[in-house]
Amino acid sequence: MDNVKASQAAAIQGDPRWSAVVSRAAEADGSFVYAVKTTGVYCRPSCGSRRARPENVAFFATPVEAEHAGFRACRRCQPDQMLAPAARQSARIVELCRLIETAEHIPSLAELAAQSGLSPYHLHREFKRVTGLTPRAYATAHRAKRIRRELQRSNRVTDAIYEAGYASNGRFYAESDAVLGMTPAAFRRGGPGTEIRFAVGRCSLGAILVARSERGICAILLGDDPQALVDDLQAHFPAARLVAGDADFDSLVAQVVGFVEAPATGLDLPLDIRGTAFQQRVWQALQKIPPGERISYTELAQRIGAPAAVRAVAGACAANALAVAIPCHRVVRNDGGLAGYRWGIERKRSLLERETEGR
């Protein structure tokens, strides 16, 4: 088995859903399905078919997701016919998400309710349970993603605005700062005129880069190679003007380094945090976790009121560009194991150990 397959197998075996598949746990039926890449079939956890190799397995929350990925239902266990009520509800919400994403305008709650056969109140509650967002917030976040894509490929800003689903220029420009963090013209050119001051220092975890925009600290990056950190910052702002920090900025870096070494001291600095509505909710919840405390991705999803959005929560943690300031290192697997840290498991372990020692 090559390194890639070994890594894929380890990732699946570290997922608590794999143990349900191995034990053919009937109580897990309806909570997820697993697909086998070599056969193109997806099954219930309790399926009695021959066990697949872990590196060939993929998990999906619902049969709908598995079928959208190109898999077909197992004829033996018929997972598409054995959905638990909660799973059927989740599948219905997934279908509504696809409807929102392809609609020319943002569907109203009443329109979505009519499509789903649910009351507006019930739909609103279930949609938020599954996705972590209200239907309106989900549509807004998707439109923000579309406007970014359209601005990058359209010749005119106006064309991009209408292609993204905005009914008028005025409506978009009223939201553009929150959506893009800059004017749409500046976004199309990669952020020219945006000044980012930065400096690279050293801490016990290796190299550390601290960057600040006019709004506040916009990046805290950790790694082994200082130049790689600068390249990472440049990739976030491809046409921005990166300015090396002066002596005053060095004191800011020292303050951040001090926080890394002694988390109990706190970090009372303004942060420039940009992300989707869902990411913002996850990051806000992360900032409320005190030093030394660990929670699981499942618990974090529950704290933001989206217990079914565990994978989306993990994705938001991975997208965090403010190491330590937004403490995604305090999130662990359900069994307490360490996984999924953007700057490496050993750094995550070290941060947790020093927080525990400082309690």
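Start with the largest nonpolar core, which has 69 residues. A nonpolar core is a set of buried Ala, Val, Leu, Ile, Met, Phe, Trp, Tyr and Cys residues joined through side-chain atoms within 4.5 Å. Buried means under 20% relative accessible area, exposed over 50%, and partly exposed in between, with a 1.4 Å probe and protein chains only. Select I208, I220, V282, L286 and L300, the residues with the most contacts inside this core. Then select helix α12 (residues 247-261), which gives the core its largest share, seven residues. Helices (H or I, at least four residues) and strands (E, at least two) are DSSP runs, numbered from the N terminus.

The model is predicted: local features need pLDDT of at least 70, side-chain atom pairs count only at pLDDT 80 or more, and totals for chains, interfaces and linings use all residues. Residues are numbered from 1 along each chain as its sequence is written, and side-chain values use heavy atoms, with hydrogens and water left out.

Stay with I220 and show what it touches. Leaving aside residues up to four places away in sequence, the list is I208, L209, V256, L267, A321, L322, A323, A325 and W343. Contact means heavy atoms within 4.5 Å. A second, separate core has 17 residues, including V36, V41, C47 and F59.

**The sheet**

Next, select four strands, which form an open sheet in the order β7-β6-β5-β8 with mixed pairing. Two strands pair if DSSP finds at least two bridges between them. Which strands are at the edges? They are β7 (217-223) and β8 (241-244), each pairing on one side only. Neighbouring strands of this sheet are turned by 25 degrees against each other on average, direction ignored. Axes are lines fitted to C-alpha atoms, for helices over the stretch in contact, and angles run from 0 to 180 degrees between N-to-C directions.

Now select strand β5 (residues 195-203), which pairs with β8 in the parallel sense over four bridges. Along this pairing, E195 stands opposite R241 in β8, and F198 stands opposite A244 in β8. On β6, the partner of β5 is antiparallel, with seven bridges. There A199 stands opposite V210 in β6. A hairpin through two residues joins β5 to β6.

Pick I196, also in strand β5. I196 counts as buried because its relative accessibility is 0%.

**Aromatic rings**

The whole structure holds three aromatic pairs. Rings of Phe, Tyr and Trp (its six-membered ring) pair if their centres lie within 6.5 Å; planes under 30 degrees apart count as stacked, over 60 as edge-to-face and the rest as tilted. Select F60 and F71, a tilted pair with 5.8 Å from centre to centre and 55 degrees between the planes. F60 is in strand β3 (residues 57-60), while F71 is in the loop between α3 (63-68) and β4 (72-73), 11 residues apart. F60 is buried at a relative accessible area of 13%, and F71 is buried at 15%.

Move to Y341 and W343, whose ring centres are 5.5 Å apart with planes at 70 degrees, so this pair is edge-to-face. Both Y341 and W343 are buried.

Last, select R17 and F32: the charged end of R17 sits over the ring of F32, 6.0 Å from its centre. The test is that NZ of Lys or CZ of Arg is within 6 Å of the ring centre and within 35 degrees of the ring normal.
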